[in-house]
Structure formats: C-alpha cells, structure tokens
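Subject: Structure handover

Hello,

Here is the structure I promised to pass on. Please look it over first, then read the notes below.

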Amino acid sequence: MQSRPNLAGWLMVSPLALVLAVFLVAPIVLIAVVSFWTATEFSIVPAFSWENYDFLFGSSVTYRVFLNTFKYAAIVWALTFLIGFTVAYYLAFHIRTQTWQIALFLLCTIPFWTSNIIRMISWIPFLGRNGIANSALLSWGVIDAPLEWLLFSDFAVILAFVHLYTLFMVVPIFNTMMRIDKPLIEAARDAGASGPQILWNVILPLTKPGIMIGTIFVVTLVMGDFITVRFMSGSQSANVGRLISNDIALLQYPSASATAIVLLATVLLTIGILLRFVDIRKEL
C-alpha cells in the first residue's frame, strides 16, 4: 500500500527533475568536463589536463580580478541594502493603506519594465564629460572643469549596478516586513522603546530572511555580470565575468570553463556562508 503513493509522488516530481537535469545539471557537468580539456590555436583537445587550473591559480591577474569582483559585490550590496531597506520600511510602516502600498511599489518597478542594457546605457549621456551632470554642475558654478571620474570608472560601474539591482533587494525585504505583526511594534513602543530601538531589536531581526534573500540575489547577479563592467568602465576595469567573456571571444573555451567553475564554486560558497546566518526556508 505504501508503494503506490511513493510511485505517484515520483511520477509527479519526475518532469521537474528531468527539466532540472537537462537545463541545469547537464550544462554545468559539461562545463566542468570542458574545463579539463586543453586548447591550441586551431583546435580544442579533449584530453584530461590540469593546465587551465594551474594557469588560473598561478596568475596574479586572477586574484586581482576576483578581488575586484568582490569589491563590486560588497559595495553594491551595502548601497542596495541601505536603499532597499529604507524604501521597504517606508512602504511597509509609513504607508497606511494597502492600495497606496501596492501603487507605490509598482511605481518602483517601472524602470524595470525596460531592458537592463537600455537602463545601463542611459547613464552614459548623463555622466559623460559633456553630459547632463557635468553641464549642470558647471552652470551652477560647483565645479570649474568637467569631472572625468563620473563615467568610465568604478563609480559609474557601481552606480549602474545599484540602479539595475536595487529592486532585487527591495522586493524580499518588503515582503518580509509586510509579514511582521504590527502589535509587536506597538508592544515595543508601549514598553518605552524608541524608534531606533524598535528598528534594531524588532524590525531588523524579523527582516533577516528577506535581507538574506535580497543579498543572495544582488551578490550573485553582480558577480556574474560582465556587460555592465565593460560598458560603464570603458573596458578599463574587469571582473570574473569579463575574464570569461574575453576567453570566449578568443575561442579559449577550456580556460573560460575553468574560470566559470571557480566562479560557480565561489558563489556557492558565499551563498552557503550566508545561509548559515538565517533559515530562509521559512520564507519560501
């Protein structure tokens, strides 16, 4: 009698398992296999070799690029967290009616109705030497010469990242805050807790699952992005994604695969560390 329910369960799960196996597991396994191959100027040799990993871990460029990637991820995470938490807090606790909460939340999503590339490139005429920002600052007398660091710099890269990925922090935090029982806040206020104390001791701990989900989204997206770094830095900076993109452009697929596997392992390790701080399964 127990076998029939088990069999029915397996039949229900098998289509999803098949889809995951074909579109997720198989490509990763293939990339891992190719990462152990070697490449010449004219062909790829399907023979097992540690050459790609030896070159990857033996080059100082690799460590600098990974450090640059972590720098982008850390700064963008901090900025998106501050903006996302502030926006979510305002929507959840300062907007009283659900209709206005939904309306203002949808208003935040309007920029995301367009392509990421369009939204990213839109910063170029704004930040350029003769762009809107420099022209306004010059006309107001704030600066005497155009600011060169506004565009094609780390500042431009981080600004574009924050613009592109802040919503990924707002959504899970807002969702978690909406589940907080308002009587808890009222009880803390009645007990004499100040606003900052309520924020630190009540709201922030209860919002941890949403913060972690947003962190995973933002960190993984930033670490895997390469097109933003390429355009907004003017090809003057690099991250791991650009390293992989360059290898693919040179048809060095085994080298690109090795870098991709190391990046995947790094991202999984980062996510594993984050998940130790909070059980996000309660949110799923």
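Phe152 is partly exposed, because its relative accessible area is 38%. (Buried means under 20% relative accessible area, exposed over 50%, and partly exposed in between, with a 1.4 Å probe and protein chains only.) Phe152 sits in the loop between helix H7 (132-139) and H8. Its phi is positive, about 55 degrees, although Phe152 is not a glycine.

Some background on the model. It is predicted, so local features need pLDDT of at least 70 and side-chain atom pairs count only at pLDDT 80 or more, while totals for chains, interfaces and linings use all residues. Residues are numbered from 1 along each chain as its sequence is written, and side-chain values use heavy atoms, with hydrogens and water left out. Helices are DSSP runs (H or I, at least four residues), numbered from the N terminus.

Why flag a positive phi? Most residues other than glycine have a negative phi. Leu251 is another case, with phi near 65 degrees. Leu251 lies in the loop between helix H14 (240-249) and H15. Leu251 counts as exposed because its relative accessibility is 52%.

Next, the surface. Which residues make the nonpolar surface patch of about 740 Å²? They are Leu16, Leu20, Leu24, Val25, Ile28, Val29, Val33, Leu264 and Leu268. Patches take residues with over 30% relative accessible area and no salt bridge; like charges are joined within 9 Å, and nonpolar side chains (Val, Leu, Ile, Met, Phe, Trp, Tyr) within 5 Å. A salt bridge is a side-chain nitrogen of Lys or Arg within 4 Å of a carboxyl oxygen of Asp or Glu. Accessible areas come from the Shrake-Rupley method with a 1.4 Å probe; for residues, only the protein chains shown count as cover.

Helix H1 (3-34) and helix H15 (253-275) each supply at least two residues of the patch. H1 gives the largest share, seven residues. Val25 is in helix H1. Val25 counts as partly exposed because its relative accessibility is 43%.

Now the helix packing. Helix H3 (residues 60-93) packs against helix H8 (residues 154-165) at an angle of about 50 degrees, and their axes are 9 Å apart. That makes H3 oblique to H8.

Ala78 belongs to helix H3. Ala78 counts as partly exposed, at 29% relative accessibility. Ala78 and Thr215 are 137 residues apart in sequence. In space they are 9.4 Å apart, C-alpha to C-alpha.

Best wishes

Note on methods
Axes fitted to C-alpha atoms, helices over the stretch in contact; angles between N-to-C directions. Parallel < 35°, antiparallel > 145°, perpendicular 65-115°, else oblique.
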